[in-house]
Amino acid sequence: MLITHARIATLGDAPQLLDDGALLIRDGKIAVLDTTMALTTQYPYEERLDADGQLALPALLCGHTHFYGAFARGWAYPGPAATRFGEILERLWWRLDKGLTPEDVRYSALVCLADAIRHGTTTLVDHHASPNAIEGSLDVLAEAVLQSGIRVSLCYEVTDRDGPARAMAGIAENVRFLRRMRQHPHPQLAASFGLHASLTLSDATLAEAVAAAADLETGFHIHAAEGIEDVEDSLAKSGKRVIHRLHDAAILGPRSIVAHAVHVDEREMDVLADTGTWVTHQPRSNMNNAVGFAQVEAMLARGVRVALGNDGFSNNMVAEMKTAYLGHKLVQRDPRAMPGDLVFRLAYDANAELARIFWPAQQLGVLTPGAMADLVLVDYKPTTPLTAGNLPWHILFGYEASMIATTISAGQVLMRDRRLLTLDEEAITARSRELAAALWKRLSVG
């Protein structure tokens, strides 16, 4: 396929903005990038997609999300508002995940996958929980992912909060799916070993997980130091702060992801840097749960690798970028905090590097020959000059995800002119509404 008449922002180490540009896509990758005139002359018989002057950008990526949380939207749990993060977990999330059936799991994923396509996000790292539907849950998610056309890394969050049998079942589900991925790899799927958080994991369960993962060539995906409760629990259990406890348990490393890391000190940052562990930052979630803001710039200065996730908020990563840009300025009371080009590097460069853990042969986050043909076409008509250098600030102040008209992943058109092609959004919406209503009724909420 030949995409013509696009205003192409390549991003990458040497970003370019190519007016009236064209992209030749072969075998899911960008084969050639040049002007429309050059490529239509060279490839006169290639199937064409006319961008009609739209801005072409690399598709977005998400370093940490939760498909299972889709049915929480609009859920008003009874009683007064929660006063602390632990109470939010107990009253909302730990009730929701216990109520999920396999069909709920499937449609929660489909809802989020449709949302991702609509918002131009084609690569995600998911973290799943369904304590009463553990076995086979990652296969259910994988089927939905394959149907959607985007790529997702999956894991099951192991926890002790539902008893030892379910903890062992969670470990077994991770092991089974990791082995499936080794035996039957697929370019849209990947896996890691999921763990919930230090505050719901005993030393014994951590050791069981590490032993089970020993020959699987995997890292772990865990929440860490999201709320102060996690720190207090870790100190009470072990006399160690969260990152030190996880390090001593052999959880950290260059293939592992620590979500949030809000309450970490400088020594913990150094451990994260020394081990090469990834941290994902979720500003909208942190604000919603009132847990504080991660010290992203301090971590980066100490050599920690930080990427951007959404923690189960909408897969509108443009909104996540804008929140990161504004939130850090507010928290630090410093307009110099979290500059726009840094937000851009987290969203594209860092997330693409994180994705290489799971898809080492796939170059993402750029539009250059050899990269995966993951891109969006956007109805963005700037009223001020747009250049490769000022693009981050156009995204932060002028661009909206609703402007995305076309989403392409590995050369497959998933949405064209705002119409989803791989998923029946109307049918998904109708069935998910029925399932969510039944779930809420079972849990006596509304």
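Strands β7 (residues 121-126) and β8 (residues 151-154) pair in the parallel sense, held by 3 bridges. Two strands count as paired if DSSP finds at least two bridges between them; helices (H or I, at least four residues) and strands (E, at least two) are DSSP runs, numbered from the N terminus. Across this pairing, Val125 stands opposite Ser153 in β8.

A word on what you're looking at: this is a predicted model, where local features need pLDDT of at least 70 and side-chain atom pairs count only at pLDDT 80 or more, while totals for chains, interfaces and linings use all residues. Residues are numbered from 1 along each chain as its sequence is written, and side-chain values use heavy atoms, with hydrogens and water left out.

Zoom out and β7 and β8 belong to an open sheet of 4 strands, ordered β6-β7-β8-β9 with parallel pairing. Its edges are β6 (60-65) and β9 (189-191), each of which pairs on one side only. From one strand to the next, the twist averages 15 degrees. Axes here are lines fitted to C-alpha atoms, for helices over the stretch in contact, and angles run from 0 to 180 degrees between N-to-C directions.

## Helices α3 and α4

Helix α4 lies across β7, β8 and β9, running at about 170 degrees to β8. α4 (residues 137-148) also packs with helix α3 (residues 102-118), at an angle of about 30 degrees and with the axes 9 Å apart. α3 passes α4 in a right-handed crossing, meaning that the near helix is turned clockwise from the far one by less than a right angle.

Who touches whom? On the α3 side the contact (heavy atoms within 4.5 Å) includes Val105, Leu110 and Leu113, and on the α4 side it includes Val140, Leu141 and Val145. By class, the contact has 10 nonpolar, 3 polar and 2 charged residues. For that count, Ala, Val, Leu, Ile, Met, Phe, Trp, Tyr, Cys and Pro are nonpolar, Asp, Glu, Lys and Arg are charged, and the others, Gly among them, are polar.

## A five-stranded sheet

There's another open sheet, with 5 strands in the order β10-β11-β12-β13-β14 and parallel pairing. β10 (193-197) and β14 are at the edges with a single partner strand each, so one side of each has no neighbour in the sheet. On average, neighbouring strands are turned by 25 degrees against each other, direction ignored. β10 and β11 share 3 bridges, and Ala197 has His223 in β11 as its bridge partner. Helix α13 (residues 340-355) packs on this sheet and touches β12, β13 and β14, its direction making about 110 degrees with that of β14.

Now for β13 (residues 278-281): Trp278 and Thr280 point one way, Val279 and His281 the other, and all are buried (under 20% relative accessible area; exposed is over 50%, partly exposed in between, with a 1.4 Å probe and protein chains only). β13 runs parallel to β12 (residues 257-260), joined by 3 bridges, and to β14 (residues 305-308), joined by 4. Thr280 is the bridge partner of Ala259 and also of Ala307 in β14.

## Two alanines with positive phi

Most residues other than glycine have a negative phi. Ala225, though, has a positive phi of about 55 degrees; Ala225 sits in the loop between β11 (220-224) and α7 (228-238). Ala261, in the loop between β12 and α9, has a positive phi near 50 degrees.

Are these two alanines buried or exposed? Ala225 counts as buried because its relative accessibility is 0%, and Ala261 counts as buried at 0% too.
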